[in-house]
Each structure stands twice: as C-alpha cells, then as structure tokens.
Amino acid sequence: MQKLTLLFSDTELGEGNATDDFIEDDLLIETIKRNFHYGEKYPIDFIFNGDTFDFLKAPYKGTYPRHITETISLWKLEKIHKAHPSFFEMLKDCLKINQRTRIIFIHGNHDFDIEFKGVQSKIKEYISKDKEEQKRILFPGFEFTDGLVHIEHGSQLDDFFEVNPEKLVYDSPNQIIAEPFLLTPWGYNVIYDHYIQIKEEFPLIERLNPRARTIELLPLRLKKKIILGSIWYMTKSFIYTQWRHRKDPMRNFPLFEFKKYMQNFLKGEYELKVDRRAKKKLIKSNFQVISFGHTHRGRIWKFREKWILNTGNWRDEYDLNEKEKCYMPKTKSYGFILHSEKEIQEIKLVKRKSLQKPIPIKDIFHYTRKKKRN
C-alpha cells in the first residue's frame with residue numbers, strides 16, 4: 001500500500017515572547033494544508049521531526065530552572081498553546097482528512113519535555129477531544145521507522161546534545177528536588193546561565209547565519225560578552241561549579257565534555273555537524289532513506305543508491321549576503337516521501353519562500369532589540 005510521509009522539523013514554537021523564534025505561523029499552516037488533497041488517495045503521516053516545541057528557550061514564570069519537571073513542562077506547554085493556537089487547530093484538521101491520517105511527534109533537543117506522559121496527553125487534548133482521533137497522535141521517542149524510511153531529529157547524532165533515552169527522566173531526586181526531572185545535556189547549563197540573557201536582550205543574533213561571521217560583525221562589547229563570557233563560564237563550571245554541586249547530575253562536567261566544548265569554541269566552530277554519523281548509520285542499515293533536521297540546513301542527496309534528507313527548518317532565520325550587505329530571510333523547507341513498504345516512489349525537498357524582509361547588516365544591532373513578527 002502506498003502512503004505519503006510529510007516531514008517538518010525545527011518549527012520551535014515558543015511562548016510568543018522575545019525568545020520565541022517561530023514567526024510565520026500562517027505560512028506553515030498554508031503549506032501543510034496545500035497537501036491535504038493527497039489524503040483522497042493516500043494515508044498521510046504528518047511527522048514533526050523534533051524541536052516542534054521550543055521548551056528549551058521558553059521561560060517558566062520568568063525564570064529558567066535547571067531541573068525541569070513535568071509540572072514545569074506543562075506550564076510552558078500551556079503558554080506555547082496560547083501563543084500559537086492556529087497551529088493546534090490545523091493539526092486537528094489534519095486528523096479529519098481520513099481515518100488513516102496520523103500525526104507523529106519525534107523528540108528533539110528543544111522538546112525533550114514531550115517524554116513526560118502528562119505532556120503527551122495535554123498535546124493530544126489540545127489537538128482533539130475525540131479519544132479515537134487521539135489514538136492517531138503518536139510519540140515514538142527519538143526515532144521512527146516505517147519500512148524503508150528511517151526518521152530522527154538528528155540531536156542523537158550530535159555529540160553535544162546526545163542523551164540516553166532510557167535515562168532521560170531522572171527519577172532518583174533525593175535531596176536535589178522532590179519530583180523527577182529531565183537529565184538534559186550539560187549544554188543546557190551554558191544556555192540558561194549565559195546565552196539566554198543575551199538571547200532575551202538581542203533575540204535576532206542567534207538566528208543569523210553563518211554564526212562565526214555574524215559574531216565578527218557585532219559591536220566589540222557584545223562580541224566580548226559572547227566569546228569571553230562563554231570561555232569564562234565553561235572554565236568556572238569545570239574547576240568550580242561542578243564540585244560545589246557534585247551531588248547534582250545536572251552540573252556534572254567531565255573532562256572529555258569540557259575539552260569537546262572548549263576545542264570547538266576556540267576553533268570558532270559554531271555550526272552543528274551530524275552528516276558523517278548519519279551516513280555511517282545509513283550504510284550499516286537496511287533503510288533506503290534516512291531523514292533528519294537539527295542543523296537547519298535543508299538538503300537532499302543520494303549516497304550509495306540511498307537517500308539522505310535533511311528537512312531544514314521553519315523557525316525564523318536569515319542568511320548573510322555579503323554582496324548586498326544584508327541578511328536575507330532563509331527559505332523554509334519540508335520533506336515529501338511517497339512510498340510503500342518495499343519501494344520509494346518519490347522523494348523530494350519542498351521549499352517555501354519566507355515572507356520576512358531582508359535586514360541590512362548596519363541594522364542588525366538595532367533589530368536584535370525587538371521581536372519581529374509578520
């Protein structure tokens with residue numbers, strides 16, 4: 001039986017505040033709905049391949065707790081729902097295309113929180129009150145395989161965000177905190193202790209590519225705050241903080257982790273790299289297609305008669321155009337795979353032009369001070 005799999009990653013729906021990087025709600029909704037007609041012929045899997053919800057950068061009552069419990073995640077989810085109600089309404093429409101339509105949410109490094117059963121139940125409830133329809137809303141974990149197609153967000157292929165799926169929820173709180181909490185990567189600490197303050201004050205900076213060149217263009221004061229502040233934070237965390245809080249697993253910063261972070265930072269390597277591990281996984285498998293997101297670089301290529309599909313992203317981002325002296329809004333993209341259990345009939349990366357305006361280089365410092373929506 002033929003079916004259609006549609007893949008969207010890195011939408012990063014936030015709370016509608018300065019750190020919320022999902023802006024083009026209407027464009028995403030219109031893009032998804034233009035595929036509804038395929039439901040007349042095929043079952044459709046709408047797969048949201050990680051970082052669908054940006055729990056990572058969503059504050060909890062104005063703060064960013066290190067120990068993220070289900071209570072905290074549910075509070076954040078409520079705010080995300082209020083900020084983007086049309087997204088959830090659209091998902092409800094997806095389920096009504098036919099009785100075989102499914103919605104599948106895969107874990108990403110921005111939404112580890114969907115590991116909590118209470119969060120999964122609330123997402124289902126926001127989409128549909130119908131218990132039968134809710135059965136077609138799935139949470140398979142960090143990866144999903146359907147015949148020849150293997151799908152995962154990509155953070156598990158990334159040394160900086162990889163976690164143990166079996167130990168994602170730390171359920172031995174003892175004297176640390178009364179409830180189970182997410183055992184997130186150490187990098188969450190540097191985000192919450194250092195980068196998030198910069199993000200709140202200058203929301204646009206982290207959305208400008210390439211990151212290394214963007215940092216070069218920033219005012220000296222801000223450049224020092226990012227570079228020197230990061231080096232100081234990592235050094236302090238390794239030689240002092242982890243020992244002061246040695247009973248807290250969230251503060252553990254072993255030598256190999258410290259070296260990995262410091263080496264990449266000193267080299268000026270700020271981009272995520274997962275392609276090599278994805279290729280290796282594809283070669284060793286019986287999959288015909290491996291699809292991931294995470295790096296925000298939409299691309300499709302053939303490798304040893306198999307396909308690698310990076311579905312890109314839907315959060316707001318800009319690419320530097322040195323010639324025009326401006327940052328151009330980045331093109332959005334998603335994956336389209338028509339397949340059966342034994343054959344890939346069609347596979348493509350579908351692109352949609354962003355409706356945002358270019359930002360002159362001379363204005364990037366000014367633009368970072370405000371949230372820019374349609």
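Reader: Is aspartate 45 buried or exposed, and at what relative accessibility?
Author: Aspartate 45 counts as buried because its relative accessibility is 1%; buried means under 20% relative accessible area, exposed over 50%, and partly exposed in between, with a 1.4 Å probe and protein chains only. This is a predicted model, where local features need pLDDT of at least 70, side-chain atom pairs count only at pLDDT 80 or more, and totals for chains, interfaces and linings use all residues. Residues are numbered from 1 along each chain as its sequence is written, and side-chain values use heavy atoms, leaving out hydrogens and water.

Reader: Which residue does aspartate 45 form a salt bridge with?
Author: Arginine 102, with the closest N and O atoms 2.8 Å apart. A salt bridge here is a side-chain nitrogen of Lys or Arg within 4 Å of a carboxyl oxygen of Asp or Glu. The pair links distant parts of the chain, strand β2 (residues 44-49) and strand β3 (residues 102-106), 57 residues apart. Strands (E, at least two residues) are DSSP runs, numbered from the N terminus.

Reader: And arginine 102, how does that count?
Author: Partly exposed, because its relative accessibility is 24%.

Reader: Other topic. How many salt bridges are there in the whole structure?
Author: A search finds 39. One of them joins aspartate 146 to lysine 3, closest N and O atoms 2.8 Å apart. That pair connects strand β5 (residues 143-146) with strand β1 (residues 3-8), 143 residues apart. Both aspartate 146 and lysine 3 are buried.

Reader: What about lysine 362?
Author: Its side chain meets that of aspartate 363 in a salt bridge, 3.5 Å from N to O. Lysine 362 is exposed, because its relative accessible area is 70%.

Definitions and conventions. Helices (H or I, at least four residues) and strands (E, at least two) are DSSP runs, numbered from the N terminus.
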